[in-house]
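Subject: The structure for you to look at

Hi there,

Here is the structure I promised to pass on. Please open it next to this email and follow along as you read.

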Amino acid sequence: MRSLAPGIKLITSFSRDSWYRFVILLLTFVFYTTYHLSRKPISIVKSQLHRNCSNVIHPADLNITDNDTWCDWAPFDQNNYRNLFGVLDNCFLVAYAIGMFFSGIFGERLPLRYYLSSGMILSGIFTALFGLGFYWQIHSLWYYCLVQALNGLVQTTGWPAVVACVGNWFGKGKRGFIMGVWNSHTSVGNILGSLIAGVYVSSAWGLSFIVPGIIIAVAGVICFLFLVEKIFYYFNLEMGMCFFLFYFILFTNTSTAVEMVEDHTEAISFCGALRIPGVVEFSLCLLFAKLVSYTFLYWLPLYIANVAHFDPKEAGDLSTLFDVGGIVGMLLWCGALVNGPYALITTAVSADLGTHECLRGNSRALSTVTAIIDGTGSIGAAVGPLLAGLISPTGWNNVFYMLIAADVLACLVRLKADVSCPGHVILYGASCYNTTNF
C-alpha cells in the first residue's frame, strides 16, 4: 500500500479543531490588515498634495500665477499646509479615540460578525470618498475633514472585535505567543498600504485611497460570509466525548440547542472595567506609545520627502522600513522598539486583563477592556500627529525631542504599574531602551 504524500500527512496530522482555529486566526489577521492598509494612504499622499512646484515641469498650455504652488492641491497649497495636515489627521484620530470607548460596549452586545463586516464596508466607502475628491475636483477642507472623521468612527469597529474573536478561540496559555505573531497585521497593513498608495500617488493620488477602500470593503463581505466568532463545547458525560458546535450569533436565534449553551453573563460596565488591576496603567502606557508610533505613521513619509528630497513614491517606499524593521539603521530600532511594546499592550496584555481572575470567568469583558486600553492609546495617537504639525515648522529636531519625552513618560508610567503577571514586567524595558535610540 502506497503511503500518503508528505503534504497530505502534514494536513491530516492536525485536528479539525486546529484547522478551524487556524482559519479564524488567518481571517482576523487579514481583516485587521485591511484596516491599517486603508489608514496609510494619507501619509503617503501628503507629500503630493504639497510639494516644491518650482522643480516640476508644468504643461505649456497652463497659465501659472505662482511658480511655487501651481502643482499643489488646494487648500494645502499655502504656507500653513503642515497645520492643515495636522487638522486632517486629528479629524480621523480624535473621532477614532472617542468612538473606541463606545466601540467595545457595542461589540459585547452585538454579533461580532455583523459589527465587524459593517464597519469594514463603511470604512471602504469613506476611504474611497476621500480619493474621489481628486476626480470630483473638491478643494474644501471641510469635505476631507468630514470624510476623515466618519472613517475614524467606523474604524473603531475593528480592534475590539478581532481581539475578542481571537480571545474566544484561544486559551490563555498560548495567547501571548499567538497574539504576538498575529499582531504583525498592523505592520503588514502599513506596508501594503504604503506600497499600494505609492503606485498611484504621482499619477492619480485619488486611486491611492480608492483601491484600499475597495480592498477593505471586499474583506468586509468575506467577513460576513465566513467569520465564526465563538466556539462552544458539548460534553457527553456517558460517552466521555466532546463535540464542537460552531455557530453564527444572530440577532434573532431560533435554535434551542444554541440557547442551551449561550453565554448569559452580563457585560461589564465601563467603570467596572477601569477597576480591573492594570487597565489604567497600561492604558496610559499605550497613550504615549501610540503617540510615538502614529507620529511616525502619519509624518514619516513627509519628513523623508522634505529632508532627503525624495519624490512621494520613494518616500513612501522608504517609510515602510519602519514597519519592516529588517534593515539595519535608525528605522529598524525605531520600528522594533516603538511598535514592539505597543503591539504587546494592544494584544496579549489587553487579552490577559480582559480575562483577569477578578472577573470570575466573565468572558464578555474582553471587548470593553480592549476598547478602553486602545481608546486611551488613541488619544495619544491623535495628540502626536497634531503636535508634529504644530512643531515641525520650527524644525524636525524638535519633533524628535517631543517623541523622546513621550517615551520617557511611558517608561515612568509603566514603572508604577502593578500587574500580577510577572511576564509584563519585561514589557516596557524595550520602550525604556528606545529613548536612547532617537
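Let me begin with one term: a salt bridge is a side-chain nitrogen of Lys or Arg within 4 Å of a carboxyl oxygen of Asp or Glu. By that rule, the structure holds one salt bridge. Before we look at it, please note that this is a predicted model, where local features need pLDDT of at least 70, side-chain atom pairs count only at pLDDT 80 or more, and totals for chains, interfaces and linings use all residues. Residues are numbered from 1 along each chain as its sequence is written, and side-chain values use heavy atoms, with hydrogens and water left out.

**The salt bridge**

Which two side chains meet in the salt bridge? They are those of Asp-89 and Lys-46, at 2.6 Å from N to O. Asp-89 lies in helix H4 and Lys-46 in helix H3, so the pair ties together parts that are 43 residues apart in sequence. Helices (H or I, at least four residues) and strands (E, at least two) are DSSP runs, numbered from the N terminus. Both Asp-89 and Lys-46 are buried. Buried means under 20% relative accessible area, exposed means over 50%, and partly exposed is in between (1.4 Å probe, protein chains only).

**The whole chain**

The protein chain has 19 helices and two strands. Of its 438 residues, 53% count as buried. Its accessible surface comes to about 19,700 Å², and 68% of that belongs to carbon and sulfur atoms. Such areas come from the Shrake-Rupley method with a 1.4 Å probe, and for residues only the protein chains shown count as cover. A contact means heavy atoms within 4.5 Å. Among contacts between residues at least 6 apart in sequence, 78% join residues at least 24 apart.

**Two helices to trace**

Helix H10 (residues 207–226) has 20 residues and reaches 28 Å from its first C-alpha to its last, close to the 28 Å expected at 1.5 Å a residue. The expected span is 1.5 Å times one less than the number of residues in the helix. The buried residues of H10 include Phe-209, Ile-216, Ala-219 and Cys-223. What covers the buried residues of H10 includes helix H2 (16–39), H3, H5, H6 and helix H9 (185–200).

In H9, the end C-alpha atoms are 23 Å apart, which agrees with the 22 Å that its 16 residues should span at 1.5 Å a residue. Among the buried residues of H9 are His-185, Asn-190, Ile-191 and Ile-196.

Thr-34 is in helix H2 and counts as buried because its relative accessibility is 5%. A polar atom of the Thr-34 side chain lies 2.5 Å from the backbone oxygen of Phe-31. Leaving aside residues up to four places away in sequence, Thr-34 touches Met-120, Ile-215, Ile-216 and Ala-219.

Gly-152 is found in helix H6 and is buried, with a relative accessible area of 0%. Gly-152 and Tyr-96 are 56 residues apart in sequence and 4.4 Å apart in space, C-alpha to C-alpha. With residues up to four places away in sequence not counted, Gly-152 touches Phe-92, Ala-95 and Tyr-96.

Ser-378 sits in helix H17 (residues 366–391), and its relative accessible area of 0% makes it buried. The side chains of Ser-378 and Lys-290 are joined by a polar contact of 3.4 Å. A polar contact is a pair of N or O atoms within 3.5 Å; within protein, one must be able to donate a hydrogen and the other to accept it, and residues adjacent in sequence count only if both atoms are side-chain atoms.

**Two backbone details**

Most residues other than glycine have a negative phi, and most peptide bonds are trans. The peptide bond from Ala-74 to Pro-75 is cis, with omega near 10°. Pro-75 is in the loop between helix H3 (41–49) and helix H4 (81–109). Gln-137, a residue other than glycine, has a positive phi, near 55°. Gln-137 is found in the loop between helix H5 (112–135) and helix H6 (141–155), and counts as partly exposed at 48% relative accessibility.

Happy exploring!
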